[in-house]
Protein chains: 2
Amino acid sequence: MIGRLNHVAIVVPDLAAAAETYRTTLGAKVSDPLDLPDHGVTTVFVELPNTKIELLHPLGEGSTIAKFLSNNASGGIHHVCYEVEDIIAARDKLKADGLRVLGDGEPKIGAHGKPVLFLHPKDLFGTLVEIEQV
Amino acid sequence: MIGRLNHVAIVVPDLAAAAETYRTTLGAKVSDPLDLPDHGVTTVFVELPNTKIELLHPLGEGSTIAKFLSNNASGGIHHVCYEVEDIIAARDKLKADGLRVLGDGEPKIGAHGKPVLFLHPKDLFGTLVEIEQV
């Protein structure tokens, strides 16, 4: 069912510094920062030849990643995102197998303008997993 | 400098259960478990179309991931691995830019039979990064 690894999301305490390190020290292609107020994040995309790293920083009140950053002051790897062809079929299969879908269980439009869902990390070995219909 | 994302490593408390979930629930192609005593891990490779997930479990005494698992009983994302063309040139550039290389600073032969180094997570926003010469 799962296809490509769409991205790895890394929460960072200083987005400009992290973007600069990925650009100049790691030598990667790095986007300008993009505010996504609906998601409570500002993101910088690091484009690798086969996938993306998404550097995330909280934006606004009640950002879902603010608590992660307060628990992990240096930052850290937040989630992985796997692509699926049909997010409703994927969700129903995962739920039938006992995985919990976060929120109200209905897909939201994610940072790339496509439907996404998050799965409970306790059901996937401590890993927060996003699935995205591509 | 960094190229492809070679893999994402996820430490899990029960390797057989995790492999089975990735195979049957997530529908991915999953390898048999492989003991890597020199690295203190047993690993299962999850093959995605564009990269790999490596499920890791401690093997033997003094495994470097045993402490991670004792701190994260459910498991969690342990590191990301970026490919480089020349690991010595990469190491020297990263050190010149102030990043700390773990261990004695000399590449070791990694789980794929190729030279690897790990970079200090405090220098990369809480993310443990492996570089691998491919």
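In chain A, β8(A) and β9(A) form an antiparallel pair joined by four bridges. The model is a predicted one. On its other pairing, β9(A) runs parallel to β6(A), with five bridges between the two strands. Cys81(A) has Glu130(A) of β9(A) as its bridge partner. Four of the five residues of β9(A) are buried, so this strand is largely enclosed by the rest of the structure.

Chain B can be described in corresponding terms. Strand β6 of chain B, residues 76–84, is parallel to β9(B) and is joined to it by five bridges. Within β9(B), Glu130(B) stands opposite Cys81(B). The pairing of β8(B) with β9(B) is antiparallel and extends over four bridges, and Leu117(B) has Ile131(B) in β9(B) as its bridge partner. β9(B) is mostly covered, with four of its five residues buried.

Which backbone angle sets Phe125(A) apart as a residue other than glycine with a positive value? The angle is phi, which is near 60° in Phe125(A). Most residues other than glycine have a negative phi. Phe125(A) is located in the loop that connects β8 (115–119) and β9 (129–133) of chain A. Phe125(A) counts as buried because its relative accessibility is 13%, and the cut-off for a buried residue is under 20%.

In chain B, Phe125(B) likewise is not a glycine, yet has a positive phi of about 60°. Its place is the loop between β8 (115–119) and β9 (129–133) of chain B. With a relative accessible area of 11%, Phe125(B) is buried.

Thr127(B) also belongs to the loop between β8 and β9 of chain B. Is Thr127(B) buried or exposed? Its relative accessible area is 0%, so Thr127(B) is buried. Apart from residues up to four places away in sequence, Thr127(B) touches Ile10(A), Gly76(A) and Ile77(A) of chain A, together with Val80(B) and Pro121(B) of chain B.

**Accessibility of selected residues in chain B**

| Residue | Relative accessible area | Class |
|---|---|---|
| Thr127(B) | 0% | buried |
| Phe125(B) | 11% | buried |
| Met1(B) | 35% | partly exposed |
| Pro49(B) | 64% | exposed |

Met1(B) is found in the segment that precedes β1 (5–11) of chain B. Its contacts, not counting residues up to four places away in sequence, include Thr25(A), Leu26(A) and Gly27(A) of the other chain, as well as Glu83(B) and Val84(B). Met1(B) and Gly98(B) are 97 residues apart along the chain, and 16 Å separates their C-alpha atoms.

Pro49(B) lies in the loop between β4 (41–47) and β5 (52–58) of chain B. Leaving aside neighbours within four places in sequence, Pro49(B) is in contact with Gly3(A) and Arg4(A). The C-alpha atom of Pro49(B) is 9.7 Å from that of Ala28(B), which is 21 residues away along the chain.

**The second largest pocket**

The volume of the second largest pocket is about 680 Å³. It is lined by 30 residues, and those closest to its centre are His39(A), Thr64(A), Val116(A), Phe118(A) and Glu130(A). Two or more lining residues come from each of β4 (41–47), β5 (52–58), β6 (76–84) and β8 of chain A. The largest share, three residues, is contributed by β8(A). By class, the lining comprises eleven nonpolar, 13 polar and six charged residues.

**Relation between the chains**

Chain A is superposed on chain B by a rotation of 180° with 0.0 Å of shift along the axis, at an RMSD of 0.0 Å. The two copies are therefore related as by a two-fold rotation axis. Both copies use the same surface, since 100% of the contact residues of chain A recur in chain B. Among the residues of chain A, Asn50(A) comes closest to the rotation axis, with its C-alpha at 3.0 Å.

Technical notes:
Residues numbered from 1 in each chain as written. Chains lettered and ligands numbered in written order. Predicted model: local features only at pLDDT ≥ 70, side-chain atom pairs only at ≥ 80, totals over all residues. Heavy atoms only, no water. Least-squares fit on C-alpha atoms with pLDDT ≥ 70 in both. Contact = heavy atoms within 4.5 Å. Buried < 20%, exposed > 50% of the residue type's maximum accessible area, 1.4 Å probe, protein only. Pairing = 2+ DSSP bridges. 1 Å grid on protein atoms, 1.4 Å probe; cavity = no way out; pocket = protein on both sides within 12 Å on 5 of 7 lines; lining within 4 Å. Points joined across faces, edges and corners; volume = space filled by probe spheres on them. Nonpolar A, V, L, I, M, F, W, Y, C, P; charged D, E, K, R; others polar.
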